[in-house]
Structure formats: C-alpha cells, structure tokens
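Reader: I have not seen this protein before. Please take me through it in questions and answers.

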Amino acid sequence: MSDSGAEARRVAVARDESLPDVDWADPPAGTVVSTFLAPSGRLATWSLGDPAHPRVVLVAGATGSKEDFHFLMPELVAAGYFTQSYDLAGNFQSAGAGPWNLEPPEDRYTLRLFVDDMIAFLEAGTTPAHLLGYSFAGVVAAVVAVQRPELVASLTFLGTPPDPGQSFAGVKRLGAFARLATPGGAAALMRWGVQVNVLHVKPGRLAFVRDRFRFTRRDAHRDIMRIMMEAPDVESRLRALSIPKAVAVGEHDLWPLERHARFAEAIGASISVYRTGHSPCEDAPYELAADMLALFEKADPPAPSA
C-alpha cells in the first residue's frame, strides 16, 4: 500500500472508531424516500445522489433494511456515485410485499421471489450497476449475477454465508446443531439475539432494530431461514464472471474467517476483513467504502466528483 493509501486507511479507521449514535430511522440528508413496484409488491427504497452518475445498489438481508447503509451511502455519493437501496419483500417497510402478489399467487417466500425482485429493481435503473448483497441478500445477488450478468458491474458479498447448502452448518459454535434446526427455530434464535443485544450495539441502533421487528413479517423471516438451509451452489459460475468481485467480512462474523477465505478463493474474489462483527456497513462504513471504491475502479473509470 502506498503512503497515501495507508494514510487514507488510517483516516477511515479513525472515522469508523468515532461513529456517532444516530437516529437510524432518519435518512441521510438529500435522500429520496420512495417505493418501487416489484413482482412481489411495493418495496420501500432510498435513493441518494445524482442518477446520472454510476449506480450502486445496496441490499440488506434477513430482517435488515436500507437504513443499514446510513453511513455508507453518503460516502459513496461523495465519491461520485448514485446509490440506491431497498427493503426485501416482507422486511420492515416492505412488509406488504409477498408471494400473494405474484402472478399466479404463491404461498411462501422463495429464492425465486427475491431474485425476481432484485432483477426488476436493477432493470428499472442504469445498468450495469455495482451490486452489494449483505448477508442473505448476498445469496440472492449471487444468483442474480450468474443469471443476468449484464446487469452487474461489480459484486460485493458483505457477511454473506460462505458455503452452499446448509448455510448454518459452518456457523461458529452452533454449526454442529444446524441439522437439528428448523427454519422457525433459526428465525426465533436470531430475533432473540438481536432483542437481548448480544452484539452490544449502541442505544440508538438497538432501539431501531427492536422497533423494526414490529414490522418484519415472521413468515418472511422463517422462509428466508429455509432458503439459507438450502443455498444454491453457484461458485463455479461466479468464478467464470469477468466482473470484479469482493468478499467483505468482520473478523468476528458469524462464520469463521477461513470459510469466507475459502469462498473468496473459490469465486475469484478479493477479501477484506474489518475489526467488527457481522455488520461492517454499520461499524466500519468508511473502511468498507474505501474498499468498494477501489473495486469499482476495476470495472469503471473513476466517477466524477459529487
């Protein structure tokens, strides 16, 4: 790393270490709050920046939401990118979206539903777009990228389950019991962990995520857990993609770092590790942004100044 690069990293680390405890429900200044009509229904969206600039789409996973990118979106906009995010169907402010809205209607949330929604969202704006999938949304983004590679300029997996099949089998400490878990049990355990604040998040963040559970549908959460227990193996197809790819993960993630490193090597991706848990977008957004911008430059010329 050059001296300037090392200094930029030190600045990013310092900013991450001094993150304020914000009102996470309050969008960054200039954010356009709207909805998008996807195949499964209306999805709550945030858009920030100039739509004429290169596009970045950030998608959170199970029980997450667009608010998880509160710090990350403005940083990417400041570098000259147009950023968008949406809540997955059944999650937070997209709770009205679900399989009953499909043609023909279905009775459960499926991987196909989430993939079709993501494809529709990407197609509705400038493509190819830089795509980040956070946790479960990374499973969705992987399928989207191999099915519709022309829509994706670069691909970032943020805390994404690193193994196909039974994703929870590799989870630290609890992985040995994965075969005994039910989708409903896995969802209940996740909710419990968030509610009792096992990750020791700040008061403002804790209040927000607890409130968010009031809206996220339990059946959507359960069905996402079911999908993660049968994650598709698309590693060889991801490796064949010519786009830049990255794995971004906290050193205290749910899955061991060696599993994330195996995944990165298997798909031909770089890997960045942050001094966080499962949520670098919340706890190390400025370091993450720097690494994402470096990835984007492998696919695009430098973006114009905002």
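**Strands and helices**

Author: This is a predicted model.

Reader: How many bridges join strand 3 to strand 4?

Author: Strand 3 covers residues 55-59 and strand 4 covers residues 82-86. The two run parallel. The number of bridges that join them is five.

Reader: Which residue of strand 5 stands opposite V57?

Author: Strand 3 also pairs with strand 5, in the parallel sense and over four bridges. In strand 5, the residue opposite V57 is L131.

Reader: Are the residues of strand 5 buried or exposed?

Author: In a regular strand the side chains alternate between the two faces of the sheet. In strand 5, A129, L131 and G133 point one way, while H130, L132 and Y134 point the other way. Buried here means under 20% relative accessible area. On both sides of strand 5, these residues are all buried.

Reader: What is the hand of the crossover from strand 5 to strand 6?

Author: Strand 5 and strand 6 run parallel and are joined by six bridges; L132 has T156 of strand 6 as its bridge partner. Between the two strands the chain passes through helix 4, residues 136-147. This β-α-β crossover is right-handed.

Reader: In what order do the eight strands lie in the open sheet?

Author: The pairing in the sheet is mixed. Strand 1 (32-38) and strand 8 (270-274) are the edge strands, each pairing on one side only. Neighbouring strands are turned against each other by 25° on average, direction ignored. The order is 1-2-4-3-5-6-7-8.

Reader: What angle does the direction of helix 9 make with that of strand 7?

Author: Helix 9 (residues 257-267) packs on the sheet and touches strand 6, strand 7 and strand 8. Its direction and that of strand 7 make an angle of about 175°.

Reader: At what angle to strand 6 does helix 11 run?

Author: Helix 11 is made of residues 285-299. It lies across strand 3, strand 5, strand 6, strand 7 and strand 8. Its angle to strand 6 is about 150°.

Reader: How far apart are the end C-alpha atoms of helix 3?

Author: Helix 3 has 13 residues, 111-123. At 1.5 Å a residue, helix 3 should therefore span 18 Å. The model agrees, with the end C-alpha atoms apart by 18 Å.

Reader: How many residues of helix 3 are buried?

Author: Helix 3 is mostly covered. Its buried residues include L111, F114, D117 and M118.

Definitions and conventions: Residues are numbered from 1 along each chain as its sequence is written. This is a predicted model: local features need pLDDT of at least 70, side-chain atom pairs count only at pLDDT 80 or more; totals for chains, interfaces and linings use all residues. Side-chain values use heavy atoms; hydrogens and water are left out. The expected span of a helix is 1.5 Å times one less than its number of residues. Buried means under 20% relative accessible area, exposed over 50%, partly exposed in between (1.4 Å probe, protein chains only). Two strands pair if DSSP finds at least two bridges between them. Axes are lines fitted to C-alpha atoms, for helices over the stretch in contact, and angles run from 0 to 180 degrees between N-to-C directions. Contact means heavy atoms within 4.5 Å. A crossover is right-handed if, with the strands pointing away from the viewer, the path from the first strand over the helix to the second runs clockwise.
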